[in-house]
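Subject: Structure handover

Hello,

Please find the structure below. The notes after it set out what was found.

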Amino acid sequence: IPPDAGVPADAALAGRDATTRPPPPKPPRPPRPPPPTEEPKPTVVDTSSSAVAALYGAVGRELKALDVRRGAAATSPLWPRFVQIRINDAIRTPEKRLEAHRALTALRKDIAAVR
């Protein structure tokens, strides 16, 4: 009698007899929780008179450099927005400084987009 007589071929190939069952499948792992996200910290904006004046000067220089590099056609929509900001008026009160800072920051983004 062959040694594996009476044992189904599948079990004989697997090296176990017909009464042995494969181990039950492991339950799936629960999904990992997402990593904790940090709440964005509020951006502190320096709206002191000197900071707004420095930003005004920097944006003016960037606009002039863009004008030299790309020509008046590229900067013609930007200049009116810049000269509309009266810097001596804009630095008088905290509210006006904040308004000027926002306008200059938006103008700076638009200058960067044209480059």
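A residue counts as buried under 20% relative accessible area, as exposed over 50%, and as partly exposed in between, using a 1.4 Å probe and protein chains only. His101 is buried because its relative accessible area is 17%.

Before the rest, some notes on the source. This is a predicted model, in which local features need pLDDT of at least 70 and side-chain atom pairs count only at pLDDT 80 or more, while totals for chains, interfaces and linings use all residues. Residues are numbered from 1 along each chain as its sequence is written, and side-chain values use heavy atoms, with hydrogens and water left out.

Overall picture

The protein chain has six helices and zero strands; helices (H or I, at least four residues) and strands (E, at least two) are DSSP runs numbered from the N terminus. The order of elements from the N terminus is α-α-α-α-α-α. The protein chain has 115 residues, and 20% of them count as buried. Its accessible surface (Shrake-Rupley method, 1.4 Å probe) is about 9,300 Å², with 58% belonging to carbon and sulfur atoms. A contact means heavy atoms within 4.5 Å. Among contacts in the protein chain with a separation of 6 or more, 62% are between residues 24 or more positions apart.

His101 and Asp46

His101 is in helix α6. Leaving aside neighbours within four places in sequence, His101 contacts Val45, Asp46, Thr47, Val52 and Leu55. One of these, Asp46, sits in the loop between α1 (9-14) and α2 (49-70). Asp46 and His101 are 55 residues apart along the chain, and their C-alpha atoms are separated by 8.9 Å. Not counting residues up to four places away in sequence, Asp46 touches Ala51 as well as His101. The side chains of Asp46 and Ser48 are joined by a polar contact of 3.0 Å. A polar contact is a pair of N or O atoms within 3.5 Å; within protein, one must be able to donate a hydrogen and the other to accept it, and residues adjacent in sequence count only if both atoms are side-chain atoms.

Two residues of helix α2

Glu62 is in helix α2, and a polar contact of 2.8 Å joins its side chain to that of Arg108. Beyond four places in sequence, Glu62 touches Arg108, Ile111 and Arg115.

Leu66 is also found in helix α2. Leu66 counts as buried because its relative accessibility is 0%. With residues up to four places away in sequence left out, Leu66 touches Gly71, Thr75, Leu78, Ile111, Val114 and Arg115. For Leu66 and Val114, 48 residues apart in sequence, the C-alpha to C-alpha distance is 8.3 Å.

The largest pocket

The largest pocket holds about 250 Å³ of space. Its lining is made up of Arg81, Gln84, Ile85, Arg86, Asp89, Ala90, Lys96, Glu99, Ala100, Ala103 and Leu107. Helix α6 gives the largest share, five residues. By class, the lining has five nonpolar, one polar and five charged residues.

On terms: a pocket is an open set of points on a 1 Å grid over the protein atoms alone, where a 1.4 Å probe fits, with protein on both sides within 12 Å along at least five of seven lines; lining residues have an atom within 4 Å of a point. Grid points are joined across faces, edges and corners, and the volume is the space filled by probe spheres set on the points. Ala, Val, Leu, Ile, Met, Phe, Trp, Tyr, Cys and Pro count as nonpolar, Asp, Glu, Lys and Arg as charged, and the others, Gly among them, as polar.

Regards
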